[in-house]
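Hello,

Here is the structure I promised to pass on to you. Please have a look at it first, and then read my notes below.

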Amino acid sequence: MAAADSPSAALRRRDLCSRGIRLAGKMRADVIDLLDTYVERQGLDASASVAAVEGVPVAAVERWDEQTGTQRLLENLAAYRAFRVLLAQMLEEHREQLGEADTTLGRALAAVLLQVSAFAYHLEELLRLESRGPPSEEGAAPPPVPQLGLFERKLRGLGVLRELAQWAVRSVRDLRQLAKASPGSSSAPGWAESP
Amino acid sequence: MFSGWNWVAHGLYLLLNFCSLKVSGGLVQSCGHIIPESPVLALGSNFTALCILNESCLDFGNIYANQIIWKIKNRVVPKEQYREINRTVSSVTFNDTSSLATPLTCNILADGQIEQNIYGIAVTIGLPPEKPRNLSCIVHQKSKLSYPMTCTWNPGRHTFLDTHFRLKNRWPQDEFPDCIRKDVNNSCTINDVQFFVNLELWVEAANALGKAESDHLVLDPIEIVKPLPPHNLSVNSGILPTVLKLSWENRISGAVMQLKFNIRYRTVGDTNWMQVPPEDTASQRTSFSIQGLRPYTEYVFSIRCMKEDGVGYWSDWSEETTGVTTEDKPSKGPPIWRIIDASDSPGFWTVRLMWKALEPFEANGIILQYEVTIRAKSSLSSPPEKHNVNTTNLTLKLPNGTYEVTLVARNRVGASPPSVLLIPASNSKAPVKNVRTLPKDGKLWVGWTAPNSYVLKYVIEWCLVSNSSDCIIEWQNEPGNVQGTYLKGDIKPFKCYLITVYPLYADGQGSGQSVKAYLQQDRPSKGPTIQTKKVGKAEAVLTWNHLTVDEQNGFIRSYTIFYKTVDGNETAVTVDPSKTEYTLSSLTSDTLYTVRMMAYTDEGGRSGPDFTFTTQKFGKGEIEAIVVPVCLAFLLIVLLGVLFCFNKRDLIKKHIWPIVPDPSKSNIAQWSPQVPAKHNFSSKDQMYPEGSFTDVSVVEIEADDKKSFSEQDLKPFDLLKKEKSTSEGHSSGIGGSSCMSSPRQSVSDSDEGETTQNTSSTVQYSTVVLNGYRDQTPVQVFSRSESTQPLLDSEERSEDHTGGGDSTTQRQQYFKQNGGQDETNTDGPCFERTRQIAPTNEGDLVGFAQLQISGHASQPLGLGLEKNTQEAALPDVLQTSIEGQTVRPETVEGNPPSVDEMPKSYLPQTVRQGGYMPQ
């Protein structure tokens, strides 16, 4: 916590929180757009309900307000690391399926994947500032890739994106909470608009 | 001998050795090689190359390192740079690679004579890359989700080598592919950068000589975004006429960045933009209400945006959109002016009210009508006169007086403030002074000096002065605090404008002060046509007409008259432009002059047509001074000549014009013996010697019946004859011959004439020749020396008739000799005249005689008697006929020539019927 107490660490933390919030907000907006594109290009129904996908972290949590900052960061980091793997799988599947033909969806997937990676980096940095350090990725083994049919894979991708959108919302709130609780910061950074 | 064969064998061996080496293994092999192989060298560095000979060549060809020669292209490297490392290796060293070139070859001198190439290398010289500088990046938003980032840098000096530049970027935990562009070396674009994560950027330059990296740049790409401008702009009219609401759509998500805006606007047709205060639009929004606009005005709007905190770049300006504010009441009354024409009818004015349509920013809408109110100031009790018109003028006929004209413009929203104009009885207020003009920037500036009194405003009137069109007045208002303005109108160059400035006071107006001006002057379009008004011997008066205003093209500053003779130099005379006449003096007489005239404006002159005239040979009065004396002298000479001739007429006649009777034309008339005896010729015969006759006329008259001339009738005639007999005698008898006739023959005695008439019916009034022939008793005869052949017959007939005494035949015949008039009456007018007289009654004859006596100049009678007869002839005839009846005795008495004087050679002849017989 000593590092976190220094002014530079506080500034760094605040900056990370601020930009993390914006990144999560943009990521949510992009994922929403990506969902539309995905549903359209994959020939899915936007209102189709998707059962919980195995290996996809769930954003909903009980007693969210009772979580500590570190706990929030750790859960977020775990989730986004999972999403990073899932999105990478989706991108690979997309490329295998369509090659380079559908560049729009592929580029959008890649962009979201990058943002997920970036957000994960933010979380890791914040955890370092917490003198906690990010957990090793090796510890959190990627979920096994189930052998699914094409349609199931599409539905699974839809579930991943929807859940990612949920996580983006939760991450904004987590980071705001974190920013609020951070020493030397009485309020959240100037993020007026709720994602 | 042995040694010679030895050398030959050695040479053959060497040749075979070379050949075998070169083709062994199917590849070309040489006797050596150079190290390094194809080096890339830094420019300016030092360089050492080694040439290593193969051992095989040593064995077979006696080739050693000391025989090596280094060459750059064909140039031998100085041996100072060589170094023999051992017997198979030679090195060469260059302190500066700039002296190097390709190829660098290693050669040997075989047997000291033949130079053979062993090996060669290509040397590449260049520079290592410099450190890229000034790395900067910008993220251009291409679409809502596309944010490519373009970085640029300064690649540094040219390296002469193939140098690769890579834009490297990475997150702290991730490495991204390098950005490489092959066509350019100073920029690269990374597609789809991610925001809110610091990105580390740097440029790496590398070539064969080395690598260089730029400084690392760490940034969040969100801070270098140049967003797309807002789009789908729309403008809505607000409730107020001065407000418009501008709406738009942002193309960058609020999740990405919050924006601030700049809004600019202008009226349509204007080029200058106005801007909404930036602090009013410094936050995220999608609409804004612009205030302070003009009513009923079309505005153009444009907007741009950037990151709210000002970090990054402004977007480009958006596309433009327009909107119109709603109408409002006109902000001011229309400027009004008038033209007063008092010439139509006395006591009334024709007032033409004119006003200008309001400018759009003043009208604040569409003007529907104008309301004009005229109120007489003198009689406030009379109701004002109101007119509603749609045009911008109104012509009224008003009694002379002072009026207050009020004008209001009205649109859909309301009416303007009133404009008031006083129409004064006279322009009695102080005028402006010193009205002047100045062309400036293609416009005409008018300035004036304000009067001392407070001026409400000024009215500037102007019109184009032209011969071809009327002066159409244009005008404009200016506020009272200015003393100069530009004319607001289409002022054409080279045209004359009459500009008048009126000051308007609260209670009247001052008289106008005028000035003429040109926006731009030019040379006159033609020159004056000159002509002479009067040409003298040494001077000529030239006249011309002024150029018309349309021809002047400017102010005529002067005229110049150029005149010259055919072979002389041209002389110029400058004339004041107000003149239309000029007198050229000191001209040469009787000389042809060519004259032309130029009119000058400030911009130059133009010449009129040439005109030629010739000065007179004589001056005024010179001809009269010569002619009059000459004429007088001539007349004097003529007069003297006439007088001389008159005095010497006899002498002249004798010497120049002697009377030579023409026998062939003469006859002798012998009168019958029945001639009354009382004609006492005997005594008088002596009075007429033959030789005294210079002129002979014989007139034979068969007198009219006596009854026709009674005594009573002839009395007054006779009385008058007495008085005038002498003078009349000059023209009688000889047929009117003037100079050569003898007056003596005409002298008559009335008394004897009277007697004669009483006693004889035959009247004889001419020369009577009486002479006896050779002592014979002269026969009393009447004869004369004039004859014409036809007369002979008549004489014969008269003789016959007279023999009968009272012959009823009334004939009058007379003969004249040397009568000028006879020549013109050769066809016998005398007879005709005689016959005309004969039937004349007595009264006429008496009257005629009386008038003739009273004066020869009395013409009426003569004309009454014979209108077509010469005046001179008729009196002669008449007088002769009368005298013929009465004068003969008198003639005898009055001219008593002696018998001795009768010419011997002239013999009286007796005319007998049928012949001419000498006696």
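In what order do the four strands of the open sheet in chain B run? Please keep in mind that this is a predicted model. The order is 30-29-32-33, and the pairing is antiparallel. At the edges of this sheet in chain B you will find strand 30, residues 385-389, and strand 33, residues 419-423. Each of these two strands pairs on one side only. From one strand to the next, the twist averages 20°.

A word on pairing in general: the strands of a sheet are joined through backbone hydrogen bonds, in either a parallel or an antiparallel way.

Now to one of the pairs in chain B. Strand 29 of chain B covers residues 367-376, and strand 32 of chain B covers residues 403-411. Nine bridges link the two in the antiparallel sense.

Chain A is built from helices: it has five of them and zero strands. Read from the N terminus, its elements follow the pattern α-α-α-α-α. Chain A has 195 residues, and 48% of them count as buried. Its accessible surface comes to about 9300 Å², with 52% of that belonging to carbon and sulfur atoms.

How much of the contacts in chain A with a separation of 6 or more comes from residues 24 or more positions apart? Such residues account for 84% of those contacts.

Enjoy exploring, and write back whenever you like.

Best wishes

Notes:
Residues are numbered from 1 along each chain as its sequence is written. Chains are lettered from A and ligands numbered from 1 in the order in which they are written. This is a predicted model: local features need pLDDT of at least 70, side-chain atom pairs count only at pLDDT 80 or more; totals for chains, interfaces and linings use all residues. Side-chain values use heavy atoms; hydrogens and water are left out. Two strands pair if DSSP finds at least two bridges between them. Axes are lines fitted to C-alpha atoms, for helices over the stretch in contact, and angles run from 0 to 180 degrees between N-to-C directions. Buried means under 20% relative accessible area, exposed over 50%, partly exposed in between (1.4 Å probe, protein chains only). Contact means heavy atoms within 4.5 Å. Accessible areas come from the Shrake-Rupley method with a 1.4 Å probe; for residues, only the protein chains shown count as cover.
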